[in-house]
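I opened my notebook to look up a few things in this structure. Here is what I wrote down as I went.

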Amino acid sequence: MLLEVDNLQTYFFTAGGVTKAVDGVSFALDNGQSMALVGESGCGKSTIALSIIGLVLYPGKIVGGRVLFDGQDLTKVPPREMRRVRARKMGLVFQDPQTTLNPAFTIGEQVAESILAAGGTARKAAWDRAVAAMEEVGIASAAERAKQYPHEFSGGMRQRTMIAAAIARSPSLFIADEPTTALDVTIQAQILDLIRRERERLDTALLLITHDLGIVGELCETAAVMYAGQLVERAPTASLLSDPLHPYSRALIGCVPRLGSRAQRLPTVGGSVPDLANLPQGCRFADRCPEAMDICRQDMPEIIRLENGREVRCYLHA
Amino acid sequence: MSTVELGLRTEAARRPTGLREFARSFCRNRLAVIGAVLILFFIGMALAAPWIAPHSPTETNLDRRLQAPFWAPGGSYDHPLGCDHLGRDLISRIVYGSRVSILIAVVVVSLTMLIGLVTGLLAGYFGGLLDAFISRIVDVLLAFPFLIFALAVTAALGPGLVNMILALVFKGWVEFCRVVRAETMSAKASDYVLAARSVGLSNVRILVGEILPNVVPSLIVLGTFNMAVVIIAESSLSFLGLGVQPPTPAWGSMVNDGRPYMLNAWWISTFPGVAVAALVLSINLMGEGLRDALDPRLRD
Amino acid sequence: MPKRVGSKCESDHSLPPQSRISRREFLSGAAGLAALLTLPSAASLVAGCGRRVGSGSGITIGLDRPITTLDPAMHRSRTVQAVVRNIFDGLVARTNDMKVVPELAESWEVVDDNTWRFIIRSRVKFHDGSSLSAEDVKFSLDRIITPAAVGGQSSPRKGLLGPVSEVEATGEHEVVIRTSEPFPILPDMLTFQEIVPAAYVREVGDQEFARSPVGSGPFRFVEWRQGERIVLERFPDYFGGCPGIPPLGPAHLARVTFKPIPEVATRIASLLSGEADIIQEVPSHSVRSIEKQARMDVAACPGTRTHYIGLNCTIPPFNDIRVRLAANHAVDLRPICDRVLGGYAKVIPGPLVPEAFSYHEGLANYEFDRSKAKSLLRRAGQLNVRVELDTESSDKELAEALAAQLSKAGFDVRVRVWKWDLLQPLLAGLKRCMFLTHWGNASLDPTDILVPLFRTGERGNFTGYSSKKVDALLISANTTFDPDARRDRFRQVQEILHAEVPAIFGIAKQEIYGVNSRVRNWSPRPDGMLPMHDVSVS
Amino acid sequence: MRLSFVSYRLVQLLPVLFGVALLVFLMMHITPGDPVELMLGQAGHATEEEIQALRHEYGLDRPLHVQFVSFMGNAMRGDFGTSFVHKQPVSAVIAARLPATVELTAFALLLAVAIALPLGIISAVRQYSFVDKAGTLGALVGISMPGFWLGIVLIIIFAVKLHWLPVSGRVEYGVGLDHVTGFYILDSILTRNGAAFWSALRHLALPAITLCAAMCAVSMRMVRSSMLEVIRQDYILYARAKGLPESVVVLKHALKNAMLPTITILAVQTGLLLSGNMIIETVFSWPGVGRLAVGAIEARNYPLIQAIVLLYALVYTGLNFGADVLYFVLNPRVRTR
């Protein structure tokens with residue numbers, strides 16, 4: 001198993017109280033596999049990403065659980081070693097290429113830097129590899145453009161650059177946090193295509209974090225739905241999309257617009273996410289759940305494993 | 001302010017920004033509360049000076065000239081911090097001095113902030129000729145040594161408290177204007193202002209609603225520091241002959257008055273100096289707390 | 001015998017001042033060197049580089065003011081004169097106790113009311129080796145009395161030579177000075193002028209001369225780092241100095257360094273750290289912290305400056321003589337002199353210091369009587385009248401003490417502290433009503449102070465005082481040669497001023513110096529000059 | 001592109017200098033106080049005619065606008081007239097003092113940057129740590145102490161009590177320092193005079209420390225706050241996520257961005273140092289322009305004041321101009337647009 005997240009708990013200790021951004025999440029991802037973490041913004045999915053790469057910043061803290069990566073518990077690894085793991089084995093793409101590239105350095109420099117960080121490469125060679133990676137992700141005349149600054153790049157181009165930086169060092173885990181959210185629809189497709197292609201080429205495991213179920217089908221074998229810091233459902237993508245079990249998943253899928261659908265109005269999920277610093281006693285979705293029962297408000301449902309390998313956290317399936 | 005969906009801010013720190021929230025957030029910063037309490041203490045001291053001060057701040061008694069603090073040889077508990085060069089009780093002068101010093105700091109900083117804010121916002125937001133005009137004035141004033149100003153103002157109006165405040169304001173607003181202008185310009189280019197503009201919000205609403213909140217944090221930091229600078233400037237100005245006029249006690253002038261006695265009666269200028277430092281420290285602690293509480297970005 | 005005051009001096013009264021200092025032990029050479037040696041690395045760096053050559057015979061003097069020029073004709077500063085007087089000599093000099101004695105002049109005579117003849121000493125050499133002649137004297141005095149004579153500019157010292165109208169070299173060593181009206185105090189006033197080498201000045205030009213002067217004095221110029229220091233070296237071929245001020249011969253000191261250190265605390269610190277051997281203008285409150293130190297001492301002598309509170313006689317409330325009298329009854333200067341000025345001051349009943357010519361011993365200060373002051377004010381309808389007492393920051397302490405006294409006796413006085421450059425025009429315009437200031441009288445001749453302060457319309461007459469009688473007496477005194485007649489007139493003036501009270505008189509402060517006890521044979525002078533010719537160090 | 005930016009900023013300097021010149025001219029001339037009166041001192045013996053003659057000699061009897069035009073005309077040729085007090089060309093008087101001030105200011109600036117930069121960075125990276133809190137406290141104390149007070153305290157401790165450092169002046173007499181540039185540190189290095197170098201350095205220490213205290217405090221706070229701002233940016237998180245060492249993240253990615261506002265602040269602060277000079281130079285008897293200025297103002301020495309103020313303005317605007325150009329070079333957004 002490449003990555004095994006086991007009962008991960010990441011809390012933020014703020015002045016307003018303890019915010020349980022990630023509260024007992026477990027999942028696993030093997031080499032070459034791909035998985036999506038789906039959820040509304042604020043549900044803790046990005047915190048999972050940060051927990052995996054060991055960059056949960058003050059006042060956040062991993063308070064429980066393990067993150068096994070290549071058999072090593074990353075929560076116990078010293079920062080210096082953690083940095084090496086990140087540099088050698090992980091590739092990241094973030095949501096907003098506008099702000100994630102440093103405005104003060106050239107594109108090539110920032111890509112090359114990522115190669116240098118992995119170690120074992122000379123500066124000149126790193127630059128060449130950076131240019132090659134940029135070509136690989138489809139940036140024309142990469143040698144020239146590598147000398148340009150981020151503000152001279154379009155959003156899509158910047159995102160390609162980020163992917164180039166990630167793949168240039170052939171990571172074993174590729175984490176993409178909302179990689180297309182900030183982009184135009186047409187560009188989105190290109191970028192998704194690029195991610196899929198590169199993932200297959202390098203046989204990298206992919207952890208895709210998104211709120212957009214629409215893109216999950218194209219990229220990931222499995223999908224996990226997150227709600228208020230917890231996983232509520234995990235299933236092969238196809239099954240999830242065709243037959244969501246959890247009422248939240250259903251609501252979420254209902255929100256995905258389908259081309260050709262004639263619906264006058266897009267359905268929405270009513271209500272809002274509970275305050276992570278002040279969680280209800282029972283099921284966290286109970287307040288918004290159309291099928292909520294008394295027990296749902298009393299007790300927190302456990303994850304239930306179904307025979308077909310699916311997992312769901314709901315009393316409806318008990 | 002586009003942010004990466006990385007949980008830190010968006011997931012963990014979304015809270016309404018009401019007055020109560022602000023107060024709560026401020027109160028949780030222990031140092032800031034200490035600062036605020038100290039400031040209240042100083043203000044209380046200023047208000048209650050006649051009841052607190054053991055002696056008159058202006059009553060001279062040449063028999064007690066340069067009397068040392070109580071622990072030093074020659075000191076007495078009657079004048080715990082000793083007496084100055086005219087035998088006036090030092091602690092009483094410090095207590096009364098808080099009135100003048102706080103008044104000067106508050107008046108000067110509010111005036112400079114206000115002028116700097118308005119001119120900076122206008123110059124930064126509208127740009128063009130207005131900006132060029134304001135910027136050139138700012139440049140000229142900045143390039144002009146303060147000493148000359150102070151002397152010119154005294155020359156034109158004579159030395160005194162009001163004129164000193166005028167001199168400080170005349171030059172002080174410039175720094176605020178520069179900072180506000182720069183912040184305004186960068187805020188103006190940001191997405192949310194573009195968005196606000198595209199929605200068709202009026203200039204005033206954009207300035208007050210969108211840009212001002214971004215300017216305020218740096219303004220407060222600068223302002224709290226300037227309080228300190230102003231209190232100290234008062235002593236530099238008395239060094240140059242534009243201080244608060246005797247026998248009115250003011251901390252800055254007291255520090256300066258004690259200058260010739262540094263070798264043989266260090267307390268005359270040291271204790272007022274300590275008072276300045278304590279006030280400045282508390283202003284600053286509170287300022288930091290204010291900034292953190294005001295700026296949702298910096299809140300944790 | 002120069003007067004030395006100060007507690008230590010008093011206790012050693014029987015001994016001459018020089019030997020008193022010399023008895024003290026002095027350990028190593030310059031204390032500055034000692035300071036340096038505390039850092040081992042410093043010592044190794046400095047070793048053998050010839051620093052402080054013959055350190056025992058150098059002396060450093062901390063001045064209270066910057067030196068702006070070394071041209072004796074182009075300044076109006078006592079401190080500058082104190083420095084250049086070591087490079088240059090004058091026709092006439094003063095002894096330490098202010099007697100006027102011939103220096104470069106061998107003798108002089110009054111030919112008639114408007115003509116003087118001076119015989120110049122022969123065999124006097126300038127530092128460049130040339131001999132001093134009557135031509136040089138004429139050149140030097142012409143530079144001062146002729147407008148625009150110094151590089152196109154006029155000498156600000158012209159006024160000090162009053163009615164001198166012509167100087168003529170009538171022989172190799174004889175000069176005739178003519179005046180436009182009788183000028184009885186010419187010798188006194190010539191002590192303010194120095195003789196420069198005509199040929200050298202013509203050769204290098206006035207500007208260069210002001211930067212690196214050549215004179216005939218006991219020390220020759222070595223280095224001037226502007227704002228930092230002026231270094232002088234012993235001139236071995238010095239003619240010897242005034243016969244009136246023995247001993248004669250070249251200076252004892254190999255080197256004299258003048259350092260302007262305007263900040264009081266810094267100046268004292270440089271004395272205490274050993275960087276300066278003599279410092280000017282020690283405030284009385286610091287005397288004790290200097291005396292406390294081993295090998296440090298304080299020397300004081302009567303000054304020539306009179307501190308007084310001017311009362312503007314032209315505007316209310318002080319245009320009423322009752323209010324002026326009330327002000328005089330309201331103050332008690334004795335405790336101020338004793339406490340605020342630490343005893344380094346004397347109360348005087350008029351504008352003249354006791355050492356001045358024609359000082360009137362018969363006058364006394366008005367009696368300190370608060371109820372009398374109040375009743376005078378009540379009668380004038382000015383009880384609790386509000387007035388501002390203007391002063392400079394250097395006199396702030398004194399002003400505050402006086403204001404406190406006045407406020408207890410029926411006045412309501414606030415002190416206002418100004419810079420002199422701003423206060424001066426207001427005073428000159430008679431716009432202010434009460435001011436604490438001081439006026440110097442370096443010549444110790446009353447003309448120097450009575451005329452500018454109290455003659456109608458004079459530029460120092462800030463009280464607006466005007467009396468035909470006083471004006472006439474002053475004019476006649478100034479043009480009369482007979483000392484007794486002059487004395488009589490000046491006394492009359494003092495009596496009138498005492499009766500008409502245009503001011504609250506007065507305080508004569510002492511000049512206080514800080515001295516390292518290795519300095520010998522030096523004593524302070526009322527006129528603030530610092531002749532180093534006879535001084536030595538142990 | 002670059003050239004046009006630079007020349008644009010250069011053109012902007014002209015109105016500023018003109019404005020400063022006009023302002024100082026008006027201020028000095030419309031306020032009361034007669035330089036000739038002050039020049040003649042308090043002692044008597046000057047007649048009204050003499051005063052008038054002197055006034056005429058210095059052109060003070062001409063109408064204001066005529067004086068201003070001739071002042072500006074001469075100033076453009078670098079001729080600021082003759083100092084009333086020194087009786088020497090103003091340019092020569094200032095030139096003699098300038099190296100001292102430049103040396104002191106530069107040294108104080110270096111010291112301030114050397115202290116403020118690392119402390120500011122550490123305080124930001126380790127926010128709320130001991131270093132941060134101590135730094136904050138230190139900065140506040142630094143800013144709360146008037147320069148003259150701190151100066152005198154340092155003198156008492158290091159010169160009077162400990163005898164470690166000299167009280168005043170720039171270099172000992174007798175170390176045989178040759179004048180090359182007027183900057184003693186530089187001169188002593190050029191002439192390989194170890195004793196002079198050491199002496200100059202020791203003389204520089206106290207005034208430089210005093211001068212830099214306030215600036216150091218402000219700069220440190222500025223570095224800290226701009227670093228804090230930058231460190232919260234996404235690209236810093238991304239840089240960390242890439243696995244870059246923390247030192248690279250902070251010193252390369254964060255610092256380069258944080259330097260932009262800091263440079264501007266440093267330029268302004270250096271300008272303030274120049275004013276601070278007036279008091280510090282007086283306290284330490286440092287033979288620089290600041291002390292010259294104080295004396296010139298007290299004596300209403302118009303030609304000298306005007307020249308010094310113009311010089312300050314020139315240096316100040318020059319610094320700002322330099323900061324702008326540096327900003328321009330450092331900030332790729334401005335540069336390539």
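**Chain D**

I began with contacts in chain D between residues at least 6 apart in sequence: 72% of them join residues at least 24 apart. Two residues are in contact if their C-beta atoms, placed from the backbone, lie within 7 Å. A note to myself: this is a predicted model, where local features need pLDDT of at least 70 and side-chain atom pairs count only at pLDDT 80 or more, while totals for chains, interfaces and linings use all residues. Residues are numbered from 1 along each chain as its sequence is written, and chains are lettered from A and ligands numbered from 1 in the order in which they are written.

How many helices and strands are in chain D? I found 14 helices and zero strands. Helices (H or I, at least four residues) and strands (E, at least two) are DSSP runs, numbered from the N terminus.

I also looked up burial: 57% of the 337 residues in chain D are buried. A residue is buried if 20 or more other C-beta atoms lie within 10 Å of its own, exposed if 12 or fewer, and partly exposed in between. The C-alpha trace of chain D spans about 85 × 55 × 40 Å along its principal axes.

**Where D touches C**

Here 54 residues of chain D are in contact with 65 residues of chain C. On the chain D side, α7(D) gives the largest share, five residues. I sorted that side into 26 nonpolar, 17 polar and 11 charged residues. Ala, Val, Leu, Ile, Met, Phe, Trp, Tyr, Cys and Pro count as nonpolar, Asp, Glu, Lys and Arg as charged, and the others, Gly among them, as polar.

**A sheet in chain C**

Next I traced an open sheet of four strands in chain C, in the order β4-β5-β7-β6, with antiparallel pairing. Its edge strands are β4 and β6 (164–171), each pairing on one side only. Two strands pair if DSSP finds at least two bridges between them. I saw that β5(C) and β7(C), residues 174–179, pair over five bridges. Ile119(C) has Glu174(C) in β7(C) as its bridge partner.

**One loop residue**

Last, I looked for Asp113(C), which is in the loop between β4 (105–112) and β5 (115–120) of chain C. Why is Asp113(C) counted as partly exposed? It is because Asp113(C) has 14 C-beta neighbours inside 10 Å. Asp113(C) and Glu181(C) are 68 residues apart in sequence, and their C-alpha atoms are 7.5 Å apart in space.
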